Amino acid sequence: MAPQFENIAYSNLDGIARITINRPEKLNSLDGNTMAELRKAVELVEDDEHSRVLVLTGTGRAFCAGQDLADPAMNSRDGDLPDIGTIVERHFKPLVLRLKSLHVPTIAAVNGVAAGGGAAIALSCDLVVAARSAYFLQAFSKIGLTPDTGSTWYLPRFLGLPRALGLALLADRLPATQAAEWGLIWQAVDDQEFIHAIDTLAVRLANLPTTALVRTRQLMLTSTVSTLEQQLSLEATIIREMGWRRDYQEGLEAFQQKRQPRFTGE
């Protein structure tokens, strides 16, 4: 039985795990308890051998507004200045790294505003699909802070340095449609089609060869720090592993028999 959560909703049905941040009155901003619950829920996905895909989303008009600034850890107490770096190290960093190493593909279903660390958490997922009314915001400069949660890693790589700096320095909203045009996210869809689009994508991913998808993510991430020769060697190593898996045998047989493959993700 899954544990009871206070600030998130969790389900895992037919291989599709769903984690929904559920603090709509706070625009799904993250305090220490919510971050701990998020990490626990992601661990549940990891530990469930039947998981095939994770959908991460929010309740109400926000995906996630980032760190909750009302969290006592963000404020001075008895004249002592807060150690904000500890929050990033203890809560945000482990979540991002876990999402990037999860054994199933991940979808960020950005239903509304994704700001600060919330935007970076979305970008930590493999595919980001946003409702057309949603937007992304690097709000750090508005409160005298620098970007965190991987923002300074994702933005220059996805957008190039000029656009990354513009977003971070000026803290302007980036509408979902423009984010898609710029290549920051996979897709922006009409609001009325959003839930259906997410469900369709989740089912599609759940029926693909899970391990091959995750190894593809690994290859793509490694390519940012590898030479061509190193990447060619790693590709050969991983495709060798894939060739020994049942999903490859199934895919090959399905191709030869002119039918749809039935992948198991094993």
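Reader: How far apart are the end C-alpha atoms of helix H7, and what span should its 13 residues have?
Author: The end C-alpha atoms of helix H7 (residues 194-206) are 18 Å apart, which agrees with the 18 Å that 13 residues should span at 1.5 Å a residue. The expected span is 1.5 Å times one less than the number of residues in the helix. Helices are DSSP runs of H or I with at least four residues, strands are DSSP runs of E with at least two, and both are numbered from the N terminus.

Reader: Before I go on, what kind of model is this, and which pLDDT limits apply?
Author: This is a predicted model, in which local features need pLDDT of at least 70 and side-chain atom pairs count only at pLDDT 80 or more, while totals for chains, interfaces and linings use all residues. Residues are numbered from 1 along each chain as its sequence is written, and side-chain values use heavy atoms, with hydrogens and water left out.

Reader: Back to H7, then. Which of its residues are buried?
Author: Phe 194, Ile 198, Leu 201, Ala 202, Leu 205 and Ala 206 are buried in H7. Buried means under 20% relative accessible area, exposed means over 50%, and partly exposed lies in between, with a 1.4 Å probe and protein chains only.

Reader: Why do they line one face of the helix?
Author: Seen down the axis of H7, the buried residues fall within an arc of 130°, so they line one face. The arc is that of the directions from the helix axis to the C-beta atoms.

Reader: And which residues are exposed on the other side of H7?
Author: His 196 and Arg 204 are exposed there.

Reader: Where does the lining of the largest pocket come from?
Author: Strand E7 (127-131), helix H4 (151-159) and helix H8 (210-222) each supply at least two residues. H8 gives the largest share, six residues. Domain 1 (8-207) and domain 2 (210-257) each contribute at least three residues to this lining; the domain bounds come from an automatic or database domain assignment.

Reader: How do the residues of that lining divide by class?
Author: They divide into 16 nonpolar, three polar and four charged. Ala, Val, Leu, Ile, Met, Phe, Trp, Tyr, Cys and Pro count as nonpolar, Asp, Glu, Lys and Arg as charged, and the others, Gly among them, as polar.

Reader: What about the second largest pocket: how much space lies there?
Author: About 460 Å³ lies in the second largest pocket. Among its 23 lining residues, Ala 65, Gln 67, Gly 116, Ala 139 and Ile 143 are the closest to the centre. Helix H2 (84-101) gives the most to this lining, with four residues. By class, the lining of the second largest pocket has 16 nonpolar, five polar and two charged residues.

Reader: How many cavities of 30 Å³ or more does the rule count?
Author: The count comes to one cavity of 30 Å³ or more. About 70 Å³ of space lies in the largest cavity, and its lining has eight nonpolar, one polar and one charged residues. Helix H3 (117-123) and strand E8 each supply at least two residues of that lining.

Reader: One last topic: phi. What is the phi of Thr 149, and is Thr 149 buried or exposed?
Author: Thr 149 has a phi near 60°, a positive value in a residue other than glycine. Thr 149 sits in the loop between E8 and H4 and counts as buried, at 6% relative accessibility.

Reader: And Lys 258: buried or exposed?
Author: Lys 258 is exposed, with a relative accessible area of 77%. Lys 258 lies in the segment after helix H10 (246-257) and has a positive phi of about 55°, although it is not a glycine. Most residues other than glycine have a negative phi.

Note on methods:
On a 1 Å grid over the protein atoms alone, a cavity is a set of points where a 1.4 Å probe fits but cannot get out, and a pocket is an open set with protein on both sides within 12 Å along at least five of seven lines; lining residues have an atom within 4 Å of a point. Grid points are joined across faces, edges and corners, and a volume is the space filled by probe spheres set on the points.
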